[in-house]
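These are my notebook entries on one chain, written while I went through its structure. I kept each entry to what I looked up.

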Amino acid sequence: MKTIAVIFGSRSTEHDVSIITAISSIIKPLELSGQYQVEPVYIAKDGSWYWDQKLKEISLYQGDELEEFLRKAPKVHLLFDNGLTLVKSSQFAGRKAYKKIDVVFPATHGTHGEDGELMGLLEMAGVPYVGCGVAASAIAMDKVLSKLIAEAHGIPTPKMQFILTSELERNSGPFIEKGVNAKLKYPLFVKPAHLGSSIGITKVDDPKDLVNALEIAMHYDTKILVEEGVQNLIEVTVPIIGNRELKPALVERPLSKEDGVFDFDTKYMNNGKGGKKMGGGKQGAQGYSEVPAKLPPELYKKAEDTALAVYKALGCEGIARVDLLIDSKTGTVYFNEVNPLPGSLYAHNWRAAGMSPVELVNTLVRLAEERFAAQARTAKTFQTNFLKQF
Ligand SMILES: Nc1ncnc2c1ncn2[C@@H]1O[C@H](COP(=O)(O)OP(=O)(O)O)[C@@H](O)[C@H]1O
Ligand SMILES: [Mg+2]
């Protein structure tokens with residue numbers, strides 16, 4: 001049996017969502033497949049790491065039990081031994097429990113986890129892990145960088161201007177006048193570059209509201225972007241898996257949007273109740289959605305192709321979900337953003353596309369091992385006489 005460490009939680013606004021992704025969409029199907037010993041590794045909100053079979057139980061996180069548990073539980077040590085071994089004090093005084101990990105399945109969303117930081121740690125350890133690598137994860141979690149890369153590959157994305165918060169604080173005039181107002185058409189969207197769940201995002205219809213929107217975004221991030229709003233909007237999302245050979249799931253259209261912008265509650269809290277139930281709708285991570293999206297076949301294909309082009313351009317591997325904004329009048333498909341670890345892995349969509357949750361996690365583990373093997377084949381050492389000269 002292979003030993004898989006599922007790492008979740010972490011210092012992120014999406015900490016709680018990560019617990020659900022880990023337990024329901026990753027640990028459960030991994031165990032159902034009967035091929036793996038699953039070791040849950042939980043990163044608490046303060047950044048402390050824990051490893052314990054009890055951390056697999058959702059009830060632990062639902063009451064006051066967690067605090068008590070974490071107070072008593074030993075923290076985990078990571079041993080980099082040409083791979084990764086988990087170490088913790090055992091119940092026998094002075095003895096330690098060890099577990100060598102074959103594959104890591106990161107289940108962290110947002111900062112300190114989905115953004116390449118955890119992937120860097122796993123690269124350093126030399127252990128195979130599921131999903132996008134360091135660079136693709138970091139780029140995907142930066143709305144400015146991901147748009148610049150998409151643009152460089154000729155993929156349409158809403159016109160934007162961006163600026164560092166520190167520069168904006170020093171002298172906002174030129175950015176607002178020569179950047180935003182001279183180059184972009186209202187309505188605009190002002191966004192922090194690194195956050196998700198619509199936190200800090202404002203739609204601006206009138207130039208007089210721009211400064212206020214910038215101030216909101218500045219509160220949350222060190223980098224800010226302002227982009228043109230897409231008119232006649234249809235939003236879709238396309239989950240994709242693969243390293244070199246890519247497989248898209250179905251193009252999905254979330255339907256719970258009511259006020260023009262998805263907020264955290266619409267996305268995660270309504271449990272489908274806030275969203276309108278429409279014919280053919282499925283309850284997914286974002287309330288109800290249309291799977292597959294009812295788009296004219298040509299537009300559907302264009303959305304799928306655009307998503308695949310973005311996945312490749314950013315160098316995604318394993319899994320990612322590409323969000324698109326469609327102008328339904330002009331038929332232009334714009335790239336919006338990439339999620340390197342889609343909440344719940346978008347299992348509902350994969351199921352509709354014919355792939356069960358067990359098949360999905362099995363495939364992702366295989367892809368992790370394949371990438372690791374391919375990397376191992378590239379030369380890492382280089383013989384020189386350099387040291388002998390001293
Ligand atoms: N350029 C745009 N045109 C129209 N709507 C947009 C645009 N940018 C964002 N939105 C709306 O705001 C929502 C949140 O923006 P997004 O960039 O996806 O941030 P988040 O990372 O918080 O999901 C989108 O789902 C969409 O409804
Ligand atoms: Mg979004």
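**Entry 1**

I began with Leu145, which touches Ile139 and Lys223 when residues up to four places away in sequence are not counted; contact here means heavy atoms within 4.5 Å. I noted at the outset that this is a predicted model, in which local features need pLDDT of at least 70 and side-chain atom pairs count only at pLDDT 80 or more, while totals for chains, interfaces and linings use all residues. I also noted that residues are numbered from 1 along each chain as its sequence is written, that chains are lettered from A and ligands numbered from 1 in the order in which they are written, and that side-chain values use heavy atoms, with hydrogens and water left out.

Leu145 is found in helix 5 (residues 143-152), where helices (H or I, at least four residues) and strands (E, at least two) are DSSP runs numbered from the N terminus. I looked up its accessibility and found that Leu145, at 36% relative accessibility, counts as partly exposed; the classes are buried under 20% relative accessible area, exposed over 50% and partly exposed in between, with a 1.4 Å probe and protein chains only. Along the chain Leu145 and Leu314 are 169 residues apart, and their C-alpha atoms are separated by 9.6 Å.

Ser146 also lies in helix 5, but at 1% relative accessibility Ser146 counts as buried. I listed the residues that Ser146 touches, again not counting those up to four places away in sequence, as Ile139, Ala140, Leu314 and Phe335. From Ser146 to Val322 I read 11 Å, C-alpha to C-alpha, for a separation of 176 residues in sequence.

**Entry 1: Glu304**

I then turned to Glu304, which lies in helix 10 (residues 297-314). Glu304 is buried yet has no salt bridge, and the nearest side chain of opposite charge, Lys301, is 5.5 Å away. For the record, a salt bridge is a side-chain nitrogen of Lys or Arg within 4 Å of a carboxyl oxygen of Asp or Glu, and for charge Lys and Arg count as positive and Asp and Glu as negative, with His and the chain ends not counted. With residues up to four places away in sequence left out, Glu304 touches Pro248, Ala249 and Val251.

I followed an open sheet of three strands, which has the order 4-5-6 and antiparallel pairing; two strands pair if DSSP finds at least two bridges between them. Strand 4 (77-80) and strand 6 (96-101) stand at the edges with a single partner strand each, so one side of each is left without a neighbour in the sheet. Neighbouring strands of this sheet are turned by 25° against each other on average, direction ignored.

Strand 4 pairs with strand 5 (residues 84-89) in the antiparallel sense over four bridges, and I found Leu79 opposite Thr85 in strand 5. Helix 3 (residues 117-125) lies across strand 4 and strand 5 and runs at about 45° to strand 4, the axes being lines fitted to C-alpha atoms, for helices over the stretch in contact, with angles from 0 to 180 degrees between N-to-C directions.

**Entry 2: backbone geometry**

Most residues other than glycine have a negative phi, and most peptide bonds are trans, and I therefore looked for exceptions to this. Asn82, although not a glycine, has a positive phi of about 55°; Asn82 is found in the loop between strand 4 and strand 5 and is exposed, with a relative accessible area of 77%. Asn232 has a positive phi of about 50° and is likewise not a glycine; Asn232 is placed in the loop between strand 11 (223-228) and strand 12 (233-242) and is partly exposed, at 31% relative accessible area.

The peptide bond from Tyr186 to Pro187 is cis, with omega near 0°, and Pro187 lies in the loop between helix 7 (173-183) and strand 9 (188-192). A cis peptide bond also joins Val291 and Pro292, with omega about -5°, and Pro292 sits in the loop between strand 16 (287-290) and helix 10.

**Entry 3: the whole chain**

Last, I noted that the chain holds 12 helices and 18 strands, and that buried residues make up 53% of its 390 residues.
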